[in-house]
Amino acid sequence: MREINTDRARAGKKSGFGHRYLDMARPSQHNRPMKNGYNTPHPIATTGSTYVVQAYAKINLTLDVLGRRADGYHDLATVMQTIDLYDTISLTTTADKQLRLFCSQTELNTDDNLALRAAQALLHYCGIEQGLDIELHKRIPVAAGLGGGSSDAATVLLALQTWWQLALSADEMLSLAAELGSDVPFFLTGGLALCEGRGERVTPLPLHWPAALRWLLLLKPAIGVSTATVFRNLPPDDYTDGSHSRAVTTALRNRQAVESADLHNGLERSVLERYPRVAQARADLLHAGATLVRLSGSGPTLFAPFAGLTQAALVEQRLREQGYEVYLTRPIYSDNVHAYVFS
Ligand code: C5P
């Protein structure tokens, strides 16, 4: 058993993110420790305790690239939504001081895996010396534009904060998240949100999702795409002023239909041009019966929205028969998976 070493890691006080904790309804805990007292060093957890959480993927409903910044990043306005495609993360306390990662995809068992780096960053920031085994069961495709690694990182931060009752403020969590990656702050809240700046300025949007987009069929072409490469190759002609994201945000807030022209991804044109397999997959999705197809993030995953399950499942089946990797998903809100109102 380890002890909390600094008063940053005070126990017993809920942070601002407690109520937004991803998958709050369903974390499972084995050998859950007694709650720690406030501001006193106590054991964090009994050795061998396990905490299990789900880390959801996202799609970008819009993605306006506003321009390149002096620091090399791009200013964005993007509306993101978590979907019910998830990785499972199992955290187990160990008697030594080692942080270890065990990933179902062995090539992701590296020191720069974001789930591991998130645990390192949080423990270092809080001055906690606690051995931890992180088991990461990947289901979200990697380098796919679905935010899998970022979601894993945010979920590890939230899980450890909640499990060990660490009194980190929302701002502290946000800056730890933003250091790990541009998309990580979004996954601290999940659900539906407008993200601006590098991605770290997150404005949650109301629980409303257009009925026309109820089912989301994802198609992951059999290539990985580097986000850095996509941004580096983006011509300034593809920059927009944020009007698509603003229009969609307004429509969602007012419970109005979103215009398909506003479901715009500023990275899509250049990705389709550069990666013929993505362009082919887009054509095949349309041919199979999708009426609207968009790139998620920097791709290569494409998504096609459907109002009804029957048509979505039919198109899914056709594409699977062609050998495509497809996932039929729906939007998911982190607090309550049943809470979405469709209209
Ligand atoms: O922040 P993250 O490490 O996820 O970003 C990966 C790469 O994507 C960055 O190194 C950068 O090249 C590019 N990027 C960008 N502007 C953003 C987010 C990412 O240029 N807002």
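Colleague: How do the residues of the shell around the ligand divide into nonpolar, polar and charged?

Modeller: They comprise four nonpolar, five polar and two charged residues, where Ala, Val, Leu, Ile, Met, Phe, Trp, Tyr, Cys and Pro count as nonpolar, Asp, Glu, Lys and Arg as charged, and the others, Gly among them, as polar. This is a predicted model, in which local features need pLDDT of at least 70 and side-chain atom pairs count only at pLDDT 80 or more, while totals for chains, interfaces and linings use all residues. Numbering starts from 1 along each chain as its sequence is written.

Colleague: Which residues are around the ligand?

Modeller: Y73, H74, L76, G181, S182, D183, R198, G199, T227, A228 and F231, each with a C-beta atom, placed from the backbone, within 6 Å of the ligand.

Colleague: Why does the shell lie between domain 1 and domain 2?

Modeller: Both domain 1 (7-204) and domain 2 (208-342) give residues to the shell, so it lies between them, the bounds being those of an automatic or database domain assignment.

Colleague: Why is Q165 called buried?

Modeller: Q165 has 22 C-beta neighbours inside 10 Å, so it counts as buried, given that buried means 20 or more other C-beta atoms within 10 Å of a residue's own, exposed 12 or fewer, and partly exposed in between, with C-beta atoms placed from the backbone. A143, with 17 such atoms within 10 Å, is therefore partly exposed.

Colleague: What is the phi of A143, and what is that of Q165?

Modeller: Neither is a glycine, yet A143 has a positive phi of about 50 degrees and Q165 one of about 55 degrees.
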